[in-house]
Amino acid sequence: MATTIAAETLKQYLADSPPTVVPLVIKPHFEALTDKEKLYAHHLSLACFAGTRIVLRQLSPESEPIYDFIVALHKHTKGDYDGLATDAGLSRDELDAYLDYAAQFLGNLGNFKSFGDSKFVPRLEPRQLKALATTSTEALGYYEQFKDAIFAGDDRAKLHLGYPSAGHVSTYYPDSPTITEEDITGVSGFLENKGLLPENTRIRKTGDGFEVLIASALEEPSPAQRDVEESEWTLDDGRSVRLVFGDHSREMELIAHHIEQAKKYAANDNEVKMMDEYAKSFRTGSLEAFKESQRAWIMDKGPTVESDIGFIETYRDPHGIRGEWEGFVAMVNKERTKAFSKLVECAPQYIPKLPWGKEFEKDKFLSPDFTSLEVLTFAGSGIPAGINIPNYDDIRQNFGFKNVSLGNVLSAKAANEKIPFIKDAQQAMYKANADQAFEVQVGLHELLGHGCGKLLQETAPGEFNFDPANPPISPITGAPIRTWYKPGQTWGSVFGAIAASYEECRAECVAMALSCEFPILALFGVGDGTVDLDGPAGDMLHTAYLSMARAGLVALEFWDPATRKWGQAHMQARFSILRTFLAAGVEFAELEWTRDDLGDLTIRIERGRILDLGRAAVEDYLQRLHVYKSTADVVAARKMYDDITDVEPFYENRVRPAVLARKTPRKVFVQANTVESGGKVELREYAADARGMVASYAEREYV
């Protein structure tokens, strides 16, 4: 391998061989739609996938030409990869190495893992990749654009996403190698004070200041169409800040076009309103219009075809505030939705069981729509198991939110998987209960985890959503709170880079605490609601705690010892929960091994102590997570979270190597396409392998 990074170190950056490619099964649910619903789903799918290049551009400079190379080579060969190998002089194994890389690249929509933010590189020599490129003039042109960036190189910092000034990669800040965290904080805070939201922006540092690139079809929307009428300012230090519209303009126009086509087949006025506001937002760059679309989306209760689209999650921006393009289209699974609907109905009785008083909770729980969905389309860098959106706190607190569990994502799996770090005697129990335990966890995480809690705010100068003369008493200190959110501040702006991981941790802890409620397990068809640790509900609970502990171990794969950075928000959170379990004592949890290299490392969770020791430990941690968030106490929160997610020498030098030695490839999903002909829409499916993955993307280029 042409790189100066040590071969042993490089291993963790090699593309999976092979990746775990699984189908996103949807045909029965799609075929059950009416012709009108199929057309609605079809155009929304095209709108979602039209943002593919936006995701690539938000990731790394080389991602878009690598994508074009993969598609061009497929079209050149018409899928005849055996002939391609002959033309390029490659062996079957070498061809498979290319296809494995292509499938993982497309499954992550870029050359950095969507779950981990570390780069992965082909298991090919540069000369072998060039041999493939020379079989097609078009492919060779793209190869010339990325040939120096696709491999590992000699700069380890560039193997991870992060702030450019620290040497990492982020095209949320394009062509700006010297832009610092302080620069970004200053510009972002300035724009926040002007009322400009950041999710659909990127920032470029220039010779005299900064350009704020706003995603919009129009390059010069009128002042009346924009969220702020001004477009240029001067900072106190003399540097300029200028708004530049038209980022991703071609894609944004295509997205708006398909949104307007979908509107023709909308089922109700709320969906019409959604489409109108989407189109307005994507053409003008207005995030206030996007927020209007989300209010209409929340009002669209129980649709047959569910969808949301836009710049949503902020995990991959090192600053934690700019959103990645994302869009999904799905069909409701009515049978599986019943359990989630019951959970929504019961939610108000379980929130008081969480470890804080009513002062730190919403005045009224806004019952959301909670559905189990079967995904037709999910455009973005990866597919989650569940979603709780919108992410705007003012909408969530005053208007509501939606929860979805993605059923065909949860159920997709490779055959005959052995689960690392689970004891042999518990493998059968774990496999029998893991899917349903995870479904319960997702439900509790999304509905009650992200859905609970109140931010104590000074909503305007001198106006509060609590009594400042008699402030709430902190259950942590026993004294009145001394911090809260000031006017204009948001959860994201105050907690910054730790916000995403911290909130995922809070939601995971809510799920762990409330999964101990046996009536909740009964809602999902397990047990009769009474405490029974020895029966099926006990198996489910034990599996849930083992699953979380195992995830905390696997999390170490997503921590980089060179930069000492966590590359994935959820995994940092899960590591901290594993540490919480272990801190409860060997009477509850312990890592066990007999080999010096920890090659037989397993997790022991005492089933009989989950309800007392396990739950108590989780709730103590959860209380601090929640109260610090509620009161904007970022100083205490950061110290606690940094301490518990610090990877100490034992975990770095002994546990992490054992985790890397037994890591399993993360799943990538082959999605179907929809094709319209004569006013009818048909589903086009693909083989669940690397070739099928490439074909599915190549045929989406025609949108």
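The second largest cavity in this predicted model is lined by Leu-196, Leu-197, Asn-200, Thr-201, Ile-214, Arg-226, Asp-227, Phe-245, Thr-284, Gly-285, Ser-286 and Leu-287. Its volume is about 60 Å³. Two of the lining residues, Ile-214 and Phe-245, stand opposite each other, with Phe-245 in strand E5.

- The lining of the second largest cavity comprises five nonpolar, five polar and two charged residues.
- Strand E3 (residues 209–215) pairs with strand E5 (residues 240–247) in the parallel sense, over seven bridges.
- Both strands belong to an open sheet of four strands, ordered E2-E3-E5-E4, in which the pairing is mixed.
- Strand E2 (201–205) and strand E4 (232–234) are the edge strands, each pairing on one side only.
- On average, neighbouring strands of this sheet are turned by 25 degrees against each other, direction ignored.

**Largest cavity**
- The model has five cavities of 30 Å³ or more, and the largest holds about 130 Å³ of space.
- Of the 15 residues lining the largest cavity, Gln-12, Ser-118, His-160, Glu-557 and Phe-558 lie nearest its centre.
- Strand E13 (559–560) and helix H25 (649–661) are the elements that each give two or more residues to this lining.
- By class, the lining of the largest cavity has four nonpolar, five polar and six charged residues.

**Helix pair H6 and H7**
- The axes of helix H6 (residues 81–88) and helix H7 (residues 92–108) come within 10 Å and cross at roughly 115 degrees, in a right-handed crossing.
- Tyr-81, Asp-82, Leu-84 and Ala-85 of H6 meet Arg-92, Leu-95, Tyr-98 and Leu-99 of H7.
- The residues of this contact are six nonpolar, no polar and two charged.

Definitions and conventions: Residues are numbered from 1 along each chain as its sequence is written. This is a predicted model: local features need pLDDT of at least 70, side-chain atom pairs count only at pLDDT 80 or more; totals for chains, interfaces and linings use all residues. Side-chain values use heavy atoms; hydrogens and water are left out. Axes are lines fitted to C-alpha atoms, for helices over the stretch in contact, and angles run from 0 to 180 degrees between N-to-C directions. A crossing is left-handed if the near helix is turned anticlockwise from the far one by less than a right angle, and right-handed if clockwise. Contact means heavy atoms within 4.5 Å. Ala, Val, Leu, Ile, Met, Phe, Trp, Tyr, Cys and Pro count as nonpolar, Asp, Glu, Lys and Arg as charged, and the others, Gly among them, as polar. Two strands pair if DSSP finds at least two bridges between them. On a 1 Å grid over the protein atoms alone, a cavity is a set of points where a 1.4 Å probe fits but cannot get out, and a pocket is an open set with protein on both sides within 12 Å along at least five of seven lines; lining residues have an atom within 4 Å of a point. Grid points are joined across faces, edges and corners, and a volume is the space filled by probe spheres set on the points.
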